[in-house]
Each structure stands twice: as structure tokens, then as C-alpha cells.
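Here is a short tour for anyone meeting this structure for the first time. Have a look at the sequence and the model, then read on.

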Amino acid sequence: MPDGLFGKTLPRYDFELTPPMQPVKNLKELRTRLGISLRDVEEQSQKIAEALANPEFFVSNNWLTRLENTNAVPSIHKLFSLSAVYRVRVSELLPMFGIDQKLLEKYQIETAPQHTHLINLEEIDTKNTVNFPVRFDPGFRVEETNLLSRMVQVWGEVPIALIQQLDIRRGRYGYIGLQDMTMYPLLRPGSFVLIDENLRDIRASQWRTEFDRPIYFIELRAGYACCWCEKRGEELQLIPHPLSSRPHRRFPVHEAEIIGQVTAVAMRIVDPEPAELPPKLPSQLLKRP
């Protein structure tokens, strides 16, 4: 195939790809790459300490030398100064001291609180990436049960900043406490729910099954609740699932604010450990007439 653009011959060039920069493993290597001397760090940290009127932010020449050559760990104040002087995020310095931020989510899930509450999504590093399905198999049917790994054709590293543009962070999410059996077995303890804050009005009785009946997330003075609701005059009645054996609760409308309607749920159907289930129904109720 002939060379050229609009009939003109273009010169050929041989390019050599520059290998990506390897991650920095320690402070000394980072400082060397940036061309910053020990004296520079001392002087810049002194300015920070003076500006904040706190000597804890000062990083002396001798102290930094010890930090670079031993297993010493900096205080949060000195870590702040190093982050500022080296022009990097604090999160980029933490792995140098044995802290893996990726484990935060793991331990946050394992130490899940016992009570129902709202979940606040913290600001995250938009430079990072996550594994995300970027192409689905065109042959899969959403009506059929399937493995996600077989539905996804291509997984890719997607920047978190791109996912933020999908408006995921603007969603409101709730967590059903491990001791909250109000909607069991429809909503199991430990479930995560998506809340639509635009749907706050309690709908009239137009459902045919319990799956159609709207579930609401409610903020109370002493916590949160997630259940069916009925409004009677100036009173809001919180209605549990009949199999939960939990009582109905009533609150004045000014003491119970409806945050929104639950529109989606993610929950386990097998407990990692035996859970405390509600008491069984009397045997006479289980007999058919």
C-alpha cells in the first residue's frame, strides 16, 4: 500500500516506547527522583510548621535521614509535610509504611455495625482505577439467571473519575443492620439498599403482592428504619413483614422523616454464620385448613 497523505510521501520514523515508571518503594527513592535535598525538605517543612504554628510539622535533616534508613514511622503531621514538599498525595506515601488502603473496604465490611444506618461515600482518589465490565455479551438475556462472569465479555481498568460521571456517587444507599429483622425474610439483615429520594410520598394501596408494596427508608430521632409505611392523620405507622414477628411502631410525622423509597437491594441469601432468626410461628398457623 503506497505511503503518503494526499499523494505526498511521508518520512518513516522508528519509535521506541518508553517503559512506564516503576512505583516508588521508599522515601529516599522518591526524594532522589524529584531532585529534592534533605536541606530542601527541612526548610520547606519549617515554613509549614511556622505557618500552622505547630512544630510537629517540622521535618529536620537528621530525622528524615533516620526515616529513610530505618523502619521509623512518621507522625501524621510530618506525613502531611512530606506530602506537601514532595507534591504527592498522602495516600501515595502510606504504602511505604505498610498501609494498604485497598484493605479498608474489606475491613469496613467485616466490621459492619449492628444498626440500620445511612452510608456516606467518602471522596476517593480519581486517579485510581477499578475493574469494571466494559462490554457485555450481546447474547445474554437479562430475564434468565446467569453467572456475571459469563455475561461480561470484557473486563477493563476503568478510571474512578469516569464512574463518578455515571452519577453513581449521587445515589443514596442504606444498610440494614445485622440485628434489624423488621422486613425479614423479604429484606435480610446485612442488605444494602438503593434509595430514591424523589419518591417520598406514601403511595395508596395499589399493590398486589408484598413485592409490589413500596418499602421506605425512614430517619427517626433514635436511628433509622426500613419498612412498609402507612400515614394516618398526623401519625406515621411503620409496618414490619408479618413473618418477622416484630411489632408495629407509630411516630408523629414530625419525628419520622421519609428519606425515600427503596428501589433496589443487594443482599446475601446464605449467612456466613448462623444468624439469629425470628421465632417460629405457632404450629397451628402452619397447618392448612
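## Salt bridges

Searching the whole structure turns up nine salt bridges, each defined as a side-chain nitrogen of Lys or Arg within 4 Å of a carboxyl oxygen of Asp or Glu. Side chains of opposite charge can pair when their charged atoms come close. This is a predicted model, in which local features need pLDDT of at least 70 and side-chain atom pairs count only at pLDDT 80 or more, while totals for chains, interfaces and linings use all residues. Residues are numbered from 1 along each chain as its sequence is written, and side-chain values use heavy atoms, with hydrogens and water left out.

One of the bridges joins R33 and E29, at 3.1 Å from N to O. These two residues sit four apart in helix α1 (residues 27-34), so about one helical turn separates them. Helices here are DSSP runs of H or I with at least four residues, strands are runs of E with at least two, and both are numbered from the N terminus. R33 is partly exposed, with a relative accessible area of 37%, and E29 is partly exposed too, at 27%. On this scale, buried means under 20% relative accessible area, exposed over 50%, and partly exposed in between (1.4 Å probe, protein chains only).

## Across and along helices

Which residue does R31 pair with? Its partner is E68, with the closest N and O atoms 2.7 Å apart. This pair links distant parts of the chain, since R31 belongs to helix α1 and E68 to helix α3 (residues 61-69), 37 residues apart. R31 is buried, at 11% relative accessible area, and E68 also counts as buried, at 13%.

R39 and E42 form another salt bridge, their closest N and O atoms being 2.3 Å apart. Both lie in helix α2 (residues 38-52), three residues apart, or about one turn. R39 counts as partly exposed at 45% relative accessibility, whereas E42 counts as buried at 15%. Elsewhere, R172, E197 and R200 are linked in a network of salt bridges.

## The protein as a whole

Nine helices and ten strands make up the list of these elements in the protein. Of its 289 residues, 29% are buried. Taking contacts (heavy atoms within 4.5 Å) between residues at least 6 apart in sequence, 56% join residues at least 24 apart.
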